[in-house]
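Me: I'm new to this one. Can you walk me through it in short steps?

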2 protein chains.
Amino acid sequence: MSTPFQFTLEAQDGRARAGRFTTPHGELLTPVFAPVGTAATVKAVTPGQLADLGASLVLSNTYHLYLRPGADLVAEMGGLHEFMQWQGPILTDSGGFQVFSLGEKSKITDEGVTFRSHIDGSTHHFTPESAVQIQEQLGADIIMAFDECADPYDAAYSQRAMQRTHDWLVRCLQAKRRGDQALFGIVQGGVHPDLRARSAEFVAAQNTPGIAIGGLSVGETKDEMHDMLEVVDPLLPEDRPRYLMGVGTPEDLINGVARGVDIFDCVLPTRMGRNHSALLQRGGRLNLKNATFARDEAPIDAACDCYTCRTFTRAYLRHLISAKEMLSATLLSIHNLYALVDLAKAMRAAILVGRFEEEYAHLLVR
Amino acid sequence: MSTPFQFTLEAQDGRARAGRFTTPHGELLTPVFAPVGTAATVKAVTPGQLADLGASLVLSNTYHLYLRPGADLVAEMGGLHEFMQWQGPILTDSGGFQVFSLGEKSKITDEGVTFRSHIDGSTHHFTPESAVQIQEQLGADIIMAFDECADPYDAAYSQRAMQRTHDWLVRCLQAKRRGDQALFGIVQGGVHPDLRARSAEFVAAQNTPGIAIGGLSVGETKDEMHDMLEVVDPLLPEDRPRYLMGVGTPEDLINGVARGVDIFDCVLPTRMGRNHSALLQRGGRLNLKNATFARDEAPIDAACDCYTCRTFTRAYLRHLISAKEMLSATLLSIHNLYALVDLAKAMRAAILVGRFEEEYAHLLVR
């Protein structure tokens, strides 16, 4: 392949992998956690703060940007990197997940999906071809095939959605024009091992530079998520990065890495940051609105080296929350993002020296 | 005086002054603009961002901190510098202005003021003595005498409030215990030249290490504010800094400096930042919510060197505002604060080379 996207598997420790993925905006060292910047901004955090906390890959949402400010406007402004001033790699989803999340308001055929804007109720239509075209206008380094995400427990619907996702992947690959973007195919199949296996084999055969695992963390149990990862892991090519979409918590990252996943993203750290909650990298969380923190001079996490923990006490953060000060969202988001970004780096370091299972045994689920 | 507070007048250019004021947390180069951190946070901006934009002095509000989180808690946490992690000088007001702004809900006698909390309606009482004691618990470098701010057009009330302010200044000075805080007296007198002159003479005679000018920018015209500054300027000692409370805009800063003022503070830049509005250092403002900026690739102000202007387009800021993203408040607040902090520095540089009137002629009102 004459692609600028090369994945080098540097080490394996059990099923856990450490790798490097080259993109036009720099190399990703995996495992990696990507902060989510839905509307071309990681909520309440500047790109400077994102870089300072060690983020490398940022995710943005095609559905939201298509509606506002519009993909044509982003393209006119020089693309997403230039628009939001993130110099590192960017990944966009295809809009599929958001469109289907609208439920009653969307209409799906083999050709594509008609849906209504959550902003003004206006009607729009996405096809595999238009989802690729919009993502080419946005200009991320890594883009996603248009997929259908079914109710994971509905076997018949999961099979139909998987088949459609496969057909749409072929159409996406045919529609793709730009050579400087990596289009990832997406494995679907709900919580059904046979469907997941068929989907992994189909997507693997399309030879995309990376493979996403979709339709998890959408209501199924952790055990079911782990089972599905174990089904697809041996069927996916070793020499391509695997991206588990929309996941998750420290526990999810550790258990995903243990099952061969390389890339993660989730709104959790920033959403929790706006809801007064702090993630602990070793598991658990603190609700800093709690009055027990009013005079607590400790940082959120004494073991954390983020700006927030290096600088502020729990008492101060609790005061900001009580006073409804916006700064609390910024400081907690910085901490929560750092917790996951740094966890991915720490796991990478452990894999490189063959100590992954040992160091993360306390959160590994078998 | 055995005070750590020394003011050195370095240059005068007309009535405009350049000076240095030493405090326990560093030297202030004047003229200086102080961002306001009402509740121990400059809204939407981290202390790191504040330092990066060049702020030196930060103001915080005694009334707000007394109510939440409480002065005892701040003291227990090591004082305001430690609590909010601002390493530079801090100034607190006395709470007088906020208490009187409550209007109907406050009851004033010579002894002090009874008022109700805007948070929970609970009843509280401030006296000159308690206002000093609370500010000693908070621990700012510069603290304010407890004063009464009258309707500026009511001559009889202005006179009574001025007299009370003078009596209270004497009581504040007697109540003061800490040696590492500079207590400033406050000149009152509404828009009445005779009262302002008497007040300036009285406060000057108390020999406080700095003098505040209160009760302006509370509804009077710009011309009246300028007139009052011109009345007090020759009556105040040259060797003490003068602080014009709660002012203002670029035009106000320039016209204040031209009339001998050294220190300014105002919520305007951060409030405007949360309301989609950008200050221009040379005068005027932009409402970035306006659709005309949707595809504008220029920064807010091509002449501005703040993080926001060095990094982002008007189009991006306008998008953040449309999408109701918190980052817009942060980025606009950084710009607006920089505009005023940097304006004060630029005026200082002009004064030092004798070019103040020349460089600011376009905004000077005579």
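Me: Which residue is the bridge partner of Thr23(A) in β3(A)?
Reply: Gly26(A) is the bridge partner of Thr23(A). One caution: this is a predicted model, where local features need pLDDT of at least 70, side-chain atom pairs count only at pLDDT 80 or more, and totals for chains, interfaces and linings use all residues. Residues are numbered from 1 along each chain as its sequence is written, and chains are lettered from A and ligands numbered from 1 in the order in which they are written.

Me: How many bridges pair β2 with β3 in chain A?
Reply: Five, and β2 (residues 16-23) pairs with β3(A) in the antiparallel sense. Two strands pair if DSSP finds at least two bridges between them. Strands here are DSSP runs of E, at least two residues, and helices are runs of H or I, at least four, both numbered from the N terminus.

Me: What order do the strands take in that open sheet of chain A?
Reply: The order is β1-β2-β3, with antiparallel pairing. The edge strands are β1 (7-13) and β3 (26-30) of chain A, and each pairs on one side only. From one strand to the next the twist averages 10°.

Me: Which helix lies across β1, β2 and β3 of chain A?
Reply: That is α14 (residues 327-352) of chain A, running at about 115° to β2(A). Axes are lines fitted to C-alpha atoms, for helices over the stretch in contact, and angles run from 0 to 180 degrees between N-to-C directions.

Me: New topic. How many residues of chain B are in contact with chain A?
Reply: 33 residues of chain B, and they touch 33 residues of chain A. Contact means C-beta atoms, placed from the backbone, within 7 Å.

Me: Which element gives the most to chain B's side?
Reply: α13(B), with five residues. Elements giving two or more residues include α3 (71-76), α12 (307-311) and α14 (327-352) of chain B.

Me: How do the residues on that side divide?
Reply: Into 18 nonpolar, nine polar and six charged. Ala, Val, Leu, Ile, Met, Phe, Trp, Tyr, Cys and Pro count as nonpolar, Asp, Glu, Lys and Arg as charged, and the others, Gly among them, as polar.

Me: What rotation superposes chain B on chain A?
Reply: 180°, with 0.0 Å of shift along the axis and an RMSD of 0.0 Å. The two copies are thus related as by a two-fold rotation axis. The superposition is by least squares on the C-alpha atoms of residues with pLDDT of at least 70 in both. The copies meet through the same surface, because 100% of the interface residues of chain B are also interface residues in chain A.

Me: On to β11(B). Why is it largely enclosed by the rest of the structure?
Reply: Six of the six residues of β11 (residues 182-187) are buried, so the strand is largely enclosed. Buried means 20 or more other C-beta atoms, placed from the backbone, within 10 Å of a residue's own; exposed means 12 or fewer, and partly exposed lies in between. Ala182(B), Phe184(B) and Ile186(B) cover one side, and Leu183(B), Gly185(B) and Val187(B) the other.

Me: Which strands do bridges join to β11(B)?
Reply: Three bridges join β10 (residues 142-144) of chain B to β11(B), in parallel. Met144(B) has Phe184(B) as its bridge partner. Three bridges also join β11(B) to β12 (residues 211-213) of chain B, again parallel. There, Ile186(B) has Ala212(B) as its partner.

Key. Two residues are in contact if their C-beta atoms, placed from the backbone, lie within 7 Å.
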